[in-house]
Protein chains: 2
Amino acid sequence: MERGQRATILDVAARAGVHAATVSRTINVPDKVAPDTRLRVEAAIRDLGFVPNRAARGLITGRTGNVAVIVPDITNPHFASLVRSVERSARQSDLQVLLVDTGEHPDEEVRAAESLSREVDGFIVVSPRRLHRSLGALGSIPAVFVNRPVPEHASVLLRTAPAVTDALAHLSDLGHTHLAYLGGPAGSWAAGERRTAVRHSGRTSGMQVLELDVGEPTFEATTVAVPDIVASGVSAVLAFNDQMALGVIAGLRTLGLSVPEDISVVGFDDVPMAAMVAPPLTTISLPTAEVGAVALPMLGEGPARRELFGELVVRHSTARVR
Amino acid sequence: MERGQRATILDVAARAGVHAATVSRTINVPDKVAPDTRLRVEAAIRDLGFVPNRAARGLITGRTGNVAVIVPDITNPHFASLVRSVERSARQSDLQVLLVDTGEHPDEEVRAAESLSREVDGFIVVSPRRLHRSLGALGSIPAVFVNRPVPEHASVLLRTAPAVTDALAHLSDLGHTHLAYLGGPAGSWAAGERRTAVRHSGRTSGMQVLELDVGEPTFEATTVAVPDIVASGVSAVLAFNDQMALGVIAGLRTLGLSVPEDISVVGFDDVPMAAMVAPPLTTISLPTAEVGAVALPMLGEGPARRELFGELVVRHSTARVR
DNA sequence: ATGAAAGCGCTAACAA
DNA sequence: TTGTTAGCGCTTTCAT
């Protein structure tokens, strides 16, 4: 640990009195080396603090031991949670995570896919918006897409349909009959899945659903749209994500209205802040923490598709209609 | 882009009718190759979609083109913002970011430092708590520590003293005379710096400061401590971070007290949510977005120390004392 | 069960 | 200005 030069496999071999190949074997196929030599080699490895050089190994094996995670914005708690999940699982498989934050720029995705295609064994791409062009850049590297089904590629989908049904039932139970649904960005699979779920649940539950488009799925854009929501006369709002739900609450407040007394609000994602705000948000929680464990093994398993299901978490932003 | 096998430097050389070394030169030292051959080589590179293999390059140059970023919890918006900043700067230097989320476990830091010491050209470590043991594991790899001065190593520090003075002045102007300060975790440099700043500003401004320890710097732990804060009779609270500030607000609310009418609250960090909650939080904003641009160039520049300064952002969680 | 030798893709002297 | 050569640290046949 104190030596300026790192130990190489040759140093280990010398110290153990064997050939480098034997050291390599004790590391990679321990059963193919005699127990006593193995012990000697392992001791030498420990003594020298030897850590194999992945670059050298990768050069010959063709595997890098890296996976790239591509997200639009690591600052968004939802994506951060996804990244964390992948990082955890990666570590267990002795993989390293290369983080790419595209800053919501699809072009950056393409650039990243190109420049990293040699550096990684696979891509986990969390990219709500479409990205046709980057698919070519992926080349033959395995990729799994989160919340975006892509032909010929694997994907893991966070489904919300059952939870949406629960949410509408919850609202119905509270006496709500008119709901505004604030949709997500066009081109986002999640936006489509949630919209479909809302429409379907609306039909089966008898809830009147008014679909609204706020422009951007952000806090600010949503606050601006709140007067329209109020004017529509609904008593409840379901927003595409928690930030938007907070935007509704904030906008309502500037109008002198309060949640849940005047209007009930439900979000999606269940970001950590959802539980910290006032009122604590009723929201559809997504099992983001499980995504890594599901997605990583799918790398190199062909174009499979796995679904994970969110569920309704009832807190205090929903109440009986007045 | 369609070929199963990736092009190597040999393919490029063949197509351009030159030796591999010449290709290498046009990439790394373009001035040392004749303009016309350079053009030919560049064309070949483009045609083949050639991207140099970093592993192979690193094997000989000794540089990997990777930097590791070690954070306790990427899910914390403050750390996410720091990571994003590093990622952005790294990309501009054609570096890749290896993300390590230790989950607040110092042991993981050590493990990461050891296993990555061969894979990276440097470490950016964002580790509020102390980590003596990992320093050895760093070996001779350059490292810059964020918010933790470490002897023999570089660091960038987010200083808040001037902003704290502003915060206390702001509170004084509003008529507050008694302030509770909810400190950060022991062993954290930031906690020390902020406590010192509060004490000093308290003395010079004549504000009575009551220091409280909430245990963990979290929302939950803080909510629990709120009754004590109220009992102390202060009219304002300064919390070590925004999550704690939100905890104060939430705890106050369950007591039937409101912010800023009954008590004023100030936080640190200015996480995005701070502006979205009710009331929008008065907080000390930190220039996290600049950290990457400052820290990365410091890698390999020896044990320098740079300071960046936060500033007070007045929103609506502070008001005139009743 | 172990050693010898070749080679992954690239760069860095050194020659020419 | 360009080519030749050697070799970074490791794994993997192929011998032994």
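Reader: Which residues are the closest to DNA strand C?

Author: This is a predicted model, in which local features need pLDDT of at least 70 and side-chain atom pairs count only at pLDDT 80 or more, while totals for chains, interfaces and linings use all residues. Residues are numbered from 1 along each chain as its sequence is written, and chains are lettered from A and ligands numbered from 1 in the order in which they are written. DNA strand C is surrounded by 24 residues (near: C-beta atom, placed from the backbone, within 6 Å). The closest are A:His19, B:Ile9, B:Ala21, B:Ser24 and B:Ala56.

Reader: Which helix gives the most to the side of chain A that touches chain B?

Author: In chain A, 44 residues are in contact with 43 residues of chain B (contact: C-beta atoms, placed from the backbone, within 7 Å). Among the elements of chain A that each supply at least two residues to this side are helix H4 (54-61) and helix H5 (77-92) (helices are DSSP runs of H or I, at least four residues, numbered from the N terminus). With 6 residues, the one that gives the most is H5(A).

Reader: How do H5(A) and H12(A) cross, parallel or oblique?

Author: The axes of H5(A) and helix H12 (residues 291-298) of chain A come within 7 Å and cross at roughly 60° (axes are lines fitted to C-alpha atoms over the stretch in contact, with angles from 0 to 180 degrees between N-to-C directions). Angles under 35 degrees count as roughly parallel, over 145 as roughly antiparallel, 65 to 115 as roughly perpendicular and the rest as oblique. Therefore H5(A) is, relative to H12(A), oblique.

Methods. Contact = placed C-beta atoms within 7 Å.
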